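Please find below a note on the model under review. The points are set out by topic and may be read beside the coordinates.

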Amino acid sequence: MLSVKITNALCNLQCAYCYEHVYRERANHRPLDLEAVLTQIEREQTAPYLHGGEALLAPLDVVETILAKSYEKIGHSSIQTNATLINEKHIELFKLYKTQVGVSFDGPGEMSRYRIPVDTKDKHVADLIWENIKWLRREGIQVGIICVLTKANALPEQREAFKHWVLELKELGITGRMNPAEIDYPSVQKIALTPEELDDFCRDMTRFILTEVGGDWLPYRDIVDSLLGLNQGTCSFAPCDYYNAGAERVILSDGSTASCMKTSKTGHIYPRFQNAGDRGFGLIRYEILPKIGQELGGCKDCKYWRNCTGGCPAEGIDGDWRNRSRYCLGLRGLFEETSRLLKMMLPNIELTTDRESEAFSDPNSVKGMNPDAFC
């Protein structure tokens with residue numbers, strides 16, 4: 001994935017839980033050098049996608065240039081946006097370049113109150129985003145949702161409204177991904193789910209998605225694939241070099257490169273180390289976590305190690321990428337509930353967690369389970 005941040009961290013919403021706040025304050029001073037960006041895209045030899053901050057704050061011709069470059073390479077393009085700035089000109093571009101539009105949205109009304117600043121003059125921003133999502137679909141444009149889970153949309157008292165929204169999205173042909181709010185700022189920590197609240201949400205939503213919704217909602221599809229040995233899943237469940245994240249390669253507005261921006265929470269941008277070698281600088285995490293007791297932040301003796309690999313290093317306990325994910329309890333809930341459902345439907349199936357390590361060619365991956373789950 002080649003993320004092009006032509007507006008860097010500049011954004012018109014500045015969600016309360018955004019992990020780019022410090023970076024925005026300390027480092028967002030890079031001028032746009034479109035030629036340098038295009039040169040770096042060619043060096044990467046990968047199709048770019050537009051990201052931010054808010055990508056649609058860029059001039060229309062700049063947006064078109066990047067979409068066109070992606071379309072030239074792979075026959076389609078993609079962008080991640082908060083959808084507040086979409087206009088008819090953007091719609092024309094999205095249709096012309098077959099753009100897949102990812103919308104960052106936590107649900108209609110009050111469910112998005114931590115995404116929409118509380119002091120905004122327009123109290124109907126969430127309604128605007130929801131209407132623009134439906135507008136995109138009426139125009140035949142493919143839409144996906146990134147939904148951040150907070151105390152505004154994921155507590156038990158909000159669950160029915162949240163599920164109703166997911167079903168509305170299903171009717172529109174939309175799926176997406178649900179991510180727990182990754183908050184490292186003490187001042188807003190109170191909006192994040194507790195481990196127990198996240199566990200409750202993950203178990204309930206697993207049952208709902210797999211039995212009533214279906215489709216490709218993540219991380220639920222990832223968990224099914226992982227337990228069946230079909231795929232490791234998205235980057236959260238695969239080994240990641242914190243300082244040279246292959247799954248999220250970044251080009252900034254001046255053409256310089258960076259690692260995944262989740263590493264920039266302190267305001268420091270890590271350049272990608274092009275010659276880090278096979279082991280990399282951060283891959284030692286996957287050598288040490290299986291040897292460290294769970295009470296010390298490790299993953300020793302966890303039956304889901306090969307499936308989860310400790311979660312995203314940017315989510316490490318106490319903000320330390322070497323520790324396992326702070327969302328461990330919720331991740332365990334996902335795997336346990338999915339395992340229960342799969343074995344209830346197919347009592348004789350063998351999941352990746354039923355096999356000894358000799359059945360896998362890689363100690364950190366479920367790929368290549370031998371024999372596979374369906375033998």
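This is a predicted model: local features need pLDDT of at least 70, side-chain atom pairs count only at pLDDT 80 or more; totals for chains, interfaces and linings use all residues.

1. Nonpolar cores. The largest nonpolar core comprises 79 residues, and V103, F162 and M178 have the most contacts inside it.

2. Surroundings of V103. This residue is one of those with the most contacts inside the largest core. Once neighbours within four places in sequence are left aside, V103 is in contact with Q80, T81, N82 and A83, with I129, I133 and L136, and with V143, G144, I145 and I146.

3. How many cavities of 30 Å³ or more does a search of the whole structure find? The search finds 1. The volume of the largest cavity is about 120 Å³. Its lining consists of 15 residues, and C299, C302, C308, R324 and C328 are those nearest the centre.

4. Composition of the cavity lining. The lining of the largest cavity divides into 8 nonpolar, 5 polar and 2 charged residues. Helices α10 (305–308) and α11 (328–345) each contribute at least two residues to this lining. The largest share, 4 residues, is supplied by α11.

5. Lysine K69. Is K69 buried or exposed? With a relative accessible area of 16%, K69 is buried, because the value falls under the 20% limit. The residue is placed in helix α3 (residues 60–74). Its side chain makes a polar contact of 3.1 Å with the side chain of E42. Apart from neighbours within four places in sequence, K69 is in contact with L38, I41, E42 and P48.

6. Threonine T206. This residue lies in helix α7 (residues 195–213) and is buried, at 0% relative accessibility. Beyond its neighbours within four places in sequence, T206 is in contact with Y220, L334, E337, T338 and L341.

7. Glycine G75. The residue is located in the loop between α3 and β3 (77–81). Not counting residues up to four places away in sequence, G75 touches S70 and K98. Between G75 and I174 there are 99 residues of separation in sequence and 21 Å in space, C-alpha to C-alpha.

8. Cis peptide bonds. The bond joining G52 and G53 is cis, with omega of about 10°; G53 belongs to the loop between β2 (48–50) and α3. A cis peptide bond also runs from L218 to P219, with omega near 10°. P219 is situated in the loop between α7 and α8 (220–228).

9. Positive phi at Q14. Phi of Q14 is near 55°, a positive value in a residue other than glycine. Q14 is placed in the loop between β1 (2–5) and α1 (21–27), and it is partly exposed, with a relative accessible area of 40%.

10. Positive phi at D301. Although not a glycine, D301 has a positive phi of about 70°. The residue is found in the loop between α9 (285–288) and α10. D301 counts as exposed because its relative accessible area of 71% is over the 50% limit.

Key:
Residues are numbered from 1 along each chain as its sequence is written. Side-chain values use heavy atoms; hydrogens and water are left out. Buried means under 20% relative accessible area, exposed over 50%, partly exposed in between (1.4 Å probe, protein chains only). A polar contact is a pair of N or O atoms within 3.5 Å; within protein, one must be able to donate a hydrogen and the other to accept it, and residues adjacent in sequence count only if both atoms are side-chain atoms. Contact means heavy atoms within 4.5 Å. A nonpolar core is a set of buried Ala, Val, Leu, Ile, Met, Phe, Trp, Tyr and Cys residues joined through side-chain atoms within 4.5 Å. On a 1 Å grid over the protein atoms alone, a cavity is a set of points where a 1.4 Å probe fits but cannot get out, and a pocket is an open set with protein on both sides within 12 Å along at least five of seven lines; lining residues have an atom within 4 Å of a point. Grid points are joined across faces, edges and corners, and a volume is the space filled by probe spheres set on the points. Ala, Val, Leu, Ile, Met, Phe, Trp, Tyr, Cys and Pro count as nonpolar, Asp, Glu, Lys and Arg as charged, and the others, Gly among them, as polar.
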